[in-house]
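Please study the sequence and the model shown below.

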Amino acid sequence: MNNNNIETIKAKKNKAYSWKNIRPIYEAVQKVKKLEIQDIKVSLGDTVQIQTAQDISTQDIQTIQKALALLIPWRKGPFEIFDIDIQTEWRSYIKYDILRPHFDLKDKVVADIGCNNGYYMFKMTSDKPRKLVGFDPSALCKLQFDMMNHFIKSDIKFELLGVEHLQLYDHKFDTIFMLGVLYHRADPIGTLKQLKNALLPRGEVILDTFIIDGDGDMCLTPQSRYAMIPNIYFIPTIKALTNWLGRAGFIDIEVLNISQTTTHEQRATRWTFDQSLANFLNPDDHNLTLEGYPAPKRAYIKARVL
Ligand SMILES: C[S@@+](CC[C@H](N)C(=O)[O-])C[C@H]1O[C@@H](n2cnc3c(N)ncnc32)[C@H](O)[C@@H]1O
């Protein structure tokens, strides 16, 4: 898809509708869902790739391009669909590859809380879980998922629900992923208890969240924004995070990895907004955010219940 097409649709989207007006985006995705493209091959490498041996008409490609552009910002990926290369804000395979050695989802009932557009879940299908359910209250994320899943045809279930709704859900889970969500919660220990209560006996949680360095039982509470992100509540030391998990009832708490987010992993592309991590760090010192806090660093954790 050429730059001009995306830029034109992006500009029209900015002008004509609020970014939160989901109807035109929904309608564009419904048109895509009417397309019947045969001989589809899906590859689940670093890029989730959808290809076909069939010739696709110009009209059908335009229908797909329009929906893809209206679905901007694409944050998690990358995806490639019929040779259209969607370089997302995040190279999400970096996080996936950190976690990959630490789970086996064969025959398990699995949830991904805050699943965004389903990128990780598409990759998880290669493990053949018994059931895979994504929870995310964002309508835009669900439409991105619907668009991709129309061609991928997975059995993944996407629920427009948040972590706070888990306790009301139909069933419990063997494995729950909750990646990049805990720092958005005003009550992190309460949220961890909700995860614990949604697990089957001996079930496990895999999560990542921002942390600060230090040995004490301490947390950073940003005054307002953190690296320009508005809704970040608590950023603990590893010790404080471990305390939260213990107080929520988890055992066998393992720190799998600690990494500072790089501008290689999170960057602005033409499929997202015009700014990303590089714009949100102190230009003179990339170890600090614009607000003067320590730059984003994540801990990856695995823990289980009895
Ligand atoms: C920072 S993104 C993380 C996405 C992905 N899990 C990852 O780690 O790359 C946070 C995600 O949580 C979703 N979210 C927002 N509120 C939520 C809630 N109450 N429960 C679950 N997910 C939520 C957002 O829509 C978004 O997709």
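Strands β5 and β6 run parallel and are joined by 5 bridges. Within this pairing, A111 stands opposite V133 of β6. The model in which these pairings are found is a predicted one. Between the two strands comes helix α5, residues 119-124, and together β5, α5 and β6 make a right-handed β-α-β unit.

Strand β5 also pairs with β8, which comprises residues 173-179; these strands run parallel as well, and 4 bridges join them. Here V110 stands opposite T175 in β8.

An open sheet is formed by 7 strands, in the order β7-β6-β5-β8-β9-β15-β12, and its pairing is mixed. Which strands lie at the edges of the sheet? They are β7, residues 157-159, and β12, residues 251-260, each of which pairs on one side only. From one strand to the next, the twist averages 15°. As a general principle, the side chains of a regular strand alternate between the two faces of the sheet.

F173 lies in strand β8. Is F173 buried or exposed? There are 25 other C-beta atoms within 10 Å of F173, and because 20 or more count as buried, this residue is classed as buried. Leaving aside residues up to four places away in sequence, F173 touches V109, V110, A111, A198, L199, L200 and G203. F173 and V133 are 40 residues apart along the chain, while their C-alpha atoms are separated by 9.4 Å.

The helices may be considered next. Two packed helices are described by the angle between their axes and the distance between the axes. Helix α2, residues 23-33, and helix α6, residues 139-152, pack at an angle of about 10°, and their axes are 9 Å apart. Since angles under 35 degrees count as roughly parallel, α2 is therefore roughly parallel to α6. On the side of α2, the residues that meet α6 are I25, Y26, V29, V32 and K33; on the side of α6, they are L140, L143, D146, M147 and H150. Sorted by class, this contact has 7 nonpolar, 1 polar and 2 charged residues.

Key
Residues are numbered from 1 along each chain as its sequence is written. This is a predicted model: local features need pLDDT of at least 70, side-chain atom pairs count only at pLDDT 80 or more; totals for chains, interfaces and linings use all residues. Two strands pair if DSSP finds at least two bridges between them. Axes are lines fitted to C-alpha atoms, for helices over the stretch in contact, and angles run from 0 to 180 degrees between N-to-C directions. A crossover is right-handed if, with the strands pointing away from the viewer, the path from the first strand over the helix to the second runs clockwise. Angles under 35 degrees count as roughly parallel, over 145 as roughly antiparallel, 65 to 115 as roughly perpendicular and the rest as oblique. Two residues are in contact if their C-beta atoms, placed from the backbone, lie within 7 Å. Ala, Val, Leu, Ile, Met, Phe, Trp, Tyr, Cys and Pro count as nonpolar, Asp, Glu, Lys and Arg as charged, and the others, Gly among them, as polar. A residue is buried if 20 or more other C-beta atoms lie within 10 Å of its own, exposed if 12 or fewer, and partly exposed in between; C-beta atoms are placed from the backbone.
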